[in-house]
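Here are my notes on this one, jotted down as I went through it. Have the structure open alongside while you read.

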Amino acid sequence: MDLGIKGKVALVTGGSRGLGKQAALSLAREGVDVAICGRTQETLDKTVAELKANGVNSIGVIADVANQSDIKALHEAVVGGLGPIDILVNNAGGSQAREDITAVSLDAYKATFDLNLYGGFELMQLAIPHMREQGWGRIINIASIYGREWGGNISYMSAKAALIAATKHAAQTLGKDGVLVNSIAPGSISHEGGSWERFQRDQPREVVEDFIKNNLPMGKFGDPEPLGDLVAFLASERASLISGSCIVIDGGQSHSMI
Ligand SMILES: NC(=O)c1ccc[n+]([C@@H]2O[C@H](COP(=O)([O-])OP(=O)(O)OC[C@H]3O[C@@H](n4cnc5c(N)ncnc54)[C@H](OP(=O)(O)O)[C@@H]3O)[C@@H](O)[C@H]2O)c1
């Protein structure tokens, strides 16, 4: 299937490792020039080399998406290095505070929104004018099954639910401009250096086996490759009727029927 996105420019936040790296690789294999950002130069450089090996242009930008002062500079660096952004993948995110409502500090709760929502929100605002002007754009926000149904901690669950809501609202606004906005809700996906890999390494075997038995119907953690390919598909011409959706990719892990 030709996805029809060769020559487009993408930014994948948190694209140097994990799910973001897989998304960046899937896009590069389709001929997309991909910028990635992260906080560590070494991993950025390594992944940029892997992306370029697909014959595309790529740059790595040091930026912390939780830090508001980094966002405009990140956008400018991508536009200056590769051109205006056609495909935005807001991927960087994660848990900041594991305490429940009785113990979490307001600062920690807000910090989780800084990481999972506000940086990506501002990047959408910065990228949208070019997308609208050319009548084509794709925004893909990486949420979580815990943004759709109960699970995880209160800070992460709240921030991912807000990201899904912002996605839906933006999709309604931008539909007539050819800008499609979707979110993806992954389940537990294990990758090198990721939290589920650490969980499997650090927890007693019985704890890991119990988690898998009670939570993962396929009897194993997910791999990042299907997520990367889903991002490339949503970014493509082939996904032209999909907007405002939150697509679950979890091997049947979540309980919601919608
Ligand atoms: N893996 C899962 O099971 C799972 C499940 C549901 C949802 N998700 C969501 O999927 C996304 C990616 O998950 P993942 O497991 O790949 O996460 P991860 O392993 O924590 O992500 C690592 C990538 O994000 C970058 N990164 C981390 N914090 C950053 C920040 N503040 N600013 C910029 N870059 C940052 C890392 O580079 P540096 O460390 O060098 O900055 C690296 O490139 C997240 O939004 C997560 O919430 C993941």
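This is a predicted model: local features need pLDDT of at least 70, side-chain atom pairs count only at pLDDT 80 or more; totals for chains, interfaces and linings use all residues.

1. On S16, a polar side-chain atom is 2.6 Å from an oxygen atom of the ligand. With G93 the backbone is involved: an N or O atom there lies 3.4 Å from a ligand oxygen.

2. How much of the ligand's accessible area does the protein cover? On its own the ligand has 890 Å² of accessible area, and the protein covers 90% of that.

3. As for where the ligand sits, it takes up the space of the largest pocket. Two elements give two or more residues to the shell around the ligand, namely α1 (18-29) and α5 (154-174).

4. Now the shell itself. The ligand is surrounded by 29 residues, and the closest are S16, R39, T40, N91 and I189. Sorted by class, the shell has 14 polar, 11 nonpolar and four charged residues.

5. One more residue to look at is N57, which is in the loop between α2 (41-52) and β3 (58-62). Is N57 buried, exposed or partly exposed? Its relative accessible area is 40%, so N57 counts as partly exposed, a class that falls between the cut-offs of 20% and 50%.

6. Last, a pair to find on screen: N57 and L82 are 25 residues apart along the chain, and 7.4 Å separates their C-alpha atoms.

Technical notes:
Residues are numbered from 1 along each chain as its sequence is written. Side-chain values use heavy atoms; hydrogens and water are left out. A residue is near a molecule or strand if one of its heavy atoms lies within 4 Å of it. A polar contact is a pair of N or O atoms within 3.5 Å; within protein, one must be able to donate a hydrogen and the other to accept it, and residues adjacent in sequence count only if both atoms are side-chain atoms. Accessible areas come from the Shrake-Rupley method with a 1.4 Å probe; for residues, only the protein chains shown count as cover. On a 1 Å grid over the protein atoms alone, a cavity is a set of points where a 1.4 Å probe fits but cannot get out, and a pocket is an open set with protein on both sides within 12 Å along at least five of seven lines; lining residues have an atom within 4 Å of a point. A molecule sits in a cavity or pocket if more than half of its atoms lie within 2 Å of its grid points. Helices (H or I, at least four residues) and strands (E, at least two) are DSSP runs, numbered from the N terminus. Ala, Val, Leu, Ile, Met, Phe, Trp, Tyr, Cys and Pro count as nonpolar, Asp, Glu, Lys and Arg as charged, and the others, Gly among them, as polar. Buried means under 20% relative accessible area, exposed over 50%, partly exposed in between (1.4 Å probe, protein chains only).
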